[in-house]
Amino acid sequence: MNHRDSASPSVDYVGEQITALLEEPTTTYGLARTLRAAAKEIELNRYHRASQKAWPNGRIDEAPKKVQIGGGAHRIDGFYNIDAVPPADLLWDVREGIPLHDATVRFLFSEHFLEHIDYPRSAKYYAREAHRVLAPGGKLVTGVPDAGYVLNQYPAAPERATEMIERWYANRNCRDDINTFLDVVNYVFRDQDDDPAYNPHYWAYDHEKLVQLFTEAGFTTVEPWPFDPTVANPKRQWASVYVVATK
Ligand SMILES: C[S@@+](CC[C@H](N)C(=O)[O-])C[C@H]1O[C@@H](n2cnc3c(N)ncnc32)[C@H](O)[C@@H]1O
């Protein structure tokens, strides 16, 4: 089949072309880097398109009361899990909106997800979508790496820098490239963008930024969230900032 002649599978066609180009010895390093990023997006897009076929109006039939976005492998009992990639109850790219009905959710939770979507377009859209799907009085809990915590340590005492590196990067293949404390700051702001195991960070957040983002989206109050390990991933407690925004 000539994909270019068909109505919609051009994304798959581009995916095949990228795979072929990545195998070409003449493909330069910079181009290959960009192609790998595009290939990641295409994989995510395949999952999203499959779910879109099932729910063409962008709303699922169910109306879950407790929802987790971007939970990855950290599923929470009693929550409906939406993520761009498996495992999840629904595979959906949340940059396209939250596929739930208006004012139906009581508790919407995410941690270490928001920094993985671009700012301002997708982060601000997510905040507005969260506000739309929550019922009056509903809660949005959001946790992210606390960029303020890291910046407040700069320039860090050696023992503090060592603690951060050991907690966050000890088992990563970037460990040898963290040579100064500013490298830690860089990884917190960007993460590893050219590694199949990790997704880049697109924006850094602190308490003030989260309050501003969710206030702008229409939430009535935005306050610190007391970390609850029965909901949140215990490994995220250290040096993260969590807020609870109430509709
Ligand atoms: C760093 S992981 C965090 C996983 C988990 N919340 C935790 O703290 O262990 C980020 C998660 O966000 C998901 N994610 C990133 N972009 C997304 C998007 N556009 N739509 C839905 N999920 C997304 C990823 O697939 C991944 O599962």
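Ala123 is buried, with a relative accessible area of 0%, where buried means under 20% relative accessible area, exposed means over 50%, and partly exposed covers what lies in between, using a 1.4 Å probe and protein chains only. The structure is a predicted model, in which local features need pLDDT of at least 70 and side-chain atom pairs count only at pLDDT 80 or more, while totals for chains, interfaces and linings use all residues. Residues are numbered from 1 along each chain as its sequence is written, and side-chain values use heavy atoms, with hydrogens and water left out.

Ala123 is found in helix α3; helices (H or I, at least four residues) and strands (E, at least two) are DSSP runs, numbered from the N terminus. Not counting residues up to four places away in sequence, Ala123 touches Leu114, Ile117, Asp118, Tyr205 and Leu213, where contact means heavy atoms within 4.5 Å. Val94 is 29 residues from Ala123 in sequence, and the two are 9.8 Å apart in space, C-alpha to C-alpha.

## The sheet and its strands

Seven strands form an open sheet in the order β3-β2-β1-β4-β5-β7-β6, and the pairing is mixed. The edge strands are β3 (90-91) and β6 (221-224), each of which pairs on one side only; two strands pair if DSSP finds at least two bridges between them. Helix α3 (residues 121-133) packs on this sheet and touches β1 (66-69), β4 (105-111) and β5 (134-145), and the direction of the helix makes about 145° with that of β5. Here axes are lines fitted to C-alpha atoms, for helices over the stretch in contact, and angles run from 0 to 180 degrees between N-to-C directions.

Several of the pairings can be followed residue by residue. Strand β2 (residues 80-83) runs parallel to β3 and is joined to it by two bridges, and the bridge partner of Asp83 in β3 is Leu91. Strands β1 and β2 pair in the parallel sense over three bridges, with Tyr80 in β2 as the bridge partner of Val67. Strands β1 and β4 also pair in the parallel sense over three bridges, and here Lys66 stands opposite Phe107 in β4.

## Around the ligand

Of the 17 residues around the ligand, Gly70, Asp83, Asp93, Glu111 and Arg236 come nearest, where a residue is near a molecule or strand if one of its heavy atoms lies within 4 Å of it. A polar side-chain atom of Asp83 lies 2.5 Å from an oxygen atom of the ligand, and a polar side-chain atom of Arg236 lies 2.7 Å from an oxygen atom of the ligand. Ala84 contributes a backbone N or O atom, which lies 3.2 Å from a nitrogen atom of the ligand. Such a polar contact is a pair of N or O atoms within 3.5 Å; within protein, one must be able to donate a hydrogen and the other to accept it, and residues adjacent in sequence count only if both atoms are side-chain atoms.

Taken alone, the ligand exposes 590 Å², and the protein buries 87% of that. Accessible areas come from the Shrake-Rupley method with a 1.4 Å probe, and for residues only the protein chains shown count as cover.

Ser240 lies in strand β7 (residues 240-246) and is buried, with a relative accessible area of 15%. A polar atom of the Ser240 side chain lies 2.5 Å from the backbone oxygen of Arg236. Leaving aside neighbours within four places in sequence, Ser240 is in contact with His112, Val144, Pro145 and Asp146.

## Backbone features in the loops

Most residues other than glycine have a negative phi, and most peptide bonds are trans. Against that background, a cis peptide bond joins Pro86 and Pro87, with omega about 0°, and Pro87 has its place in the loop between β2 and β3. The peptide bond from Tyr119 to Pro120 is also cis, with omega near 10°, and Pro120 lies in the loop between β4 and α3.

Ala103, in the loop between β3 and β4, has a positive phi near 50° and counts as partly exposed at 39% relative accessibility. Asp191, in the loop between α6 (181-190) and α7 (207-216), has a positive phi near 60° but counts as buried at 10% relative accessibility.
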